Amino acid sequence: MKLATRVFLIFSSGYFISYLARGINLPLAPLLSSELGLSPAQLGLLTSLYFFAFAACQLPLGILLDRFGPRRVLACLLLLAAAGAVVSANAHGFSTLLAGRLLLGIGTSACLMAGLKAIVAWFPHDHLPLMNGAIYAIGGLGAVATGTPIAWALGITTWRVLFVVVAVLILMIVLALFTLVPEKDEQHPKSSLAAQLRDIGGIFRSAVFWRTAPLVMASQGVFLGVQGLWAGPYLRDVSRLSAATAANIVALAGVAMVLGAVGSGWLARRLQQRGISLHTTAGAGMFLFMLAQLLIVLGAPLPDWLLWGLYGLLGTSGVLSYAGLVREFPAHLAGRVSTGLTLALFAGAFVVQYGFGLLLNAWPHDAGSYAAVAHRISWAIALLAQLAAGAWYCRRLKKPAAETSPAANAA
């Protein structure tokens, strides 16, 4: 196996495990609710805390990756993730589960960005679109694993054992990073911490950044927030499906996400060759994703597998915005632009997961079962937020293309 391929597989395994850790509470939700007596609001806060931790780490993460490289940063943080899985496995109360979830979020916060940075370091530039799509696809397989595979595993073991298995898998990746990935001789920037922080401030003051961030935050926040927790309860409480059928549809949505991640990148490249910008393609995809959500909420007379397949296929459209946005800034800011957008994205996912939990808690409910009207109202509010952000996205795109950001002007 070529060295670059080995490096890719190890880093992409880290992104796989981050997706698995992110979505594992979906199949575990009924067990956690019944065994530990968690309310919908507590369940939403518990699961969304991962996104909060993930978002909070993004800005310092960009600086650490630039200074120390992806191998050391990812290996050290994954040790925290392994500790979080062990804490979760031994939890007997809500506060301990929160601590474990927080450690999991912090520990896996570097998985995607470290993988993307490693690809830049180890692969020729003309391979980057393909390899970036591949790492997204492998991460999507982690979402597939939170469906039928985890449901099957729960039939033969307990949720506590599953967390131990996650910890072991994480430690295996850490071992591989230290023993199978050589240190890459990279030129890390010599700029001071204050200068790097000023660059981040320039990004967040940029009108170009805020043209894109709200819609990506709303769209991807809904996709990740629902996929990671509330899809299963919706299929059970609103669509009236059995637990096994719901798990199969969640897995199918994960497979569709993999196809969407790869296919949208291929389509965007083709459209660019015909003069259609990434901003336009990404925006169209996010509006189509809203349509898929609307069809689900309205109970369109289509098979559930088809509706949720569309949900997974279109849900990753906002990822195209990364490639479009970094081109608006100087090359040396690309990493911090990406982590800034990731911060917004996961902040949105935190709001969605916790907000849905609060709304579901506002209607009468019993152990693990929630009112159908609460599900629909939660999603209706989320759709309105996406529409408002979409209107802002389109309005800003009407401005002259020559507009540049303060960060770009300062370069």
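Residues are numbered from 1 along each chain as its sequence is written, and side-chain values use heavy atoms, with hydrogens and water left out. Because the model is predicted, local features need pLDDT of at least 70 and side-chain atom pairs count only at pLDDT 80 or more, whereas totals for chains, interfaces and linings use all residues.

View 1. Helices (H or I, at least four residues) and strands (E, at least two) are DSSP runs, numbered from the N terminus. The C-alpha atoms fill a box of roughly 55 × 50 × 40 Å, taken along the principal axes. For 411 residues, a compact globule would have a radius of gyration near 22 Å, and the 20 Å of the chain agrees with this; the radius is taken over C-alpha atoms, and the globule rule is 2.2 Å times the number of residues to the power 0.38.

**View 2. Helix H4 (residues 70–89) beside helix H9 (residues 159–180).** The two helices pack at an angle of about 165°, with their axes 8 Å apart, which makes H4 roughly antiparallel to H9. Axes are lines fitted to C-alpha atoms, for helices over the stretch in contact, and angles run from 0 to 180 degrees between N-to-C directions; those under 35 degrees count as roughly parallel, over 145 as roughly antiparallel, 65 to 115 as roughly perpendicular and the rest as oblique. The contact (heavy atoms within 4.5 Å) includes Leu74 and Leu78 of H4 and Phe163 and Ile170 of H9. Its residues divide into 20 nonpolar, one polar and two charged, where Ala, Val, Leu, Ile, Met, Phe, Trp, Tyr, Cys and Pro count as nonpolar, Asp, Glu, Lys and Arg as charged, and the others, Gly among them, as polar.

**View 3. Helix H4 beside helix H6 (residues 111–122).** The axes of H4 and H6 come within 9 Å and cross at roughly 160°, so H4 is roughly antiparallel to H6. Pro70, Leu74 and Leu78 in H4 meet Cys111, Ala114, Lys117 and Ala118 in H6, and this contact has six nonpolar residues, no polar ones and one charged.

**View 4. Helix H1 (residues 3–23) against helix H11 (residues 207–237).** Their axes come within 8 Å and cross at roughly 70°, and H1 and H11 are therefore roughly perpendicular to each other. Tyr19, Arg22 and Gly23 in H1 meet Phe223, Leu224, Gln227 and Gly228 in H11, a contact of three nonpolar, three polar and one charged residues.

**View 5. Helix H13 (residues 278–297) and the residue Gly299.** H13 is followed by Gly299, whose phi is positive, near 65°.

Key
The expected span of a helix is 1.5 Å times one less than its number of residues.
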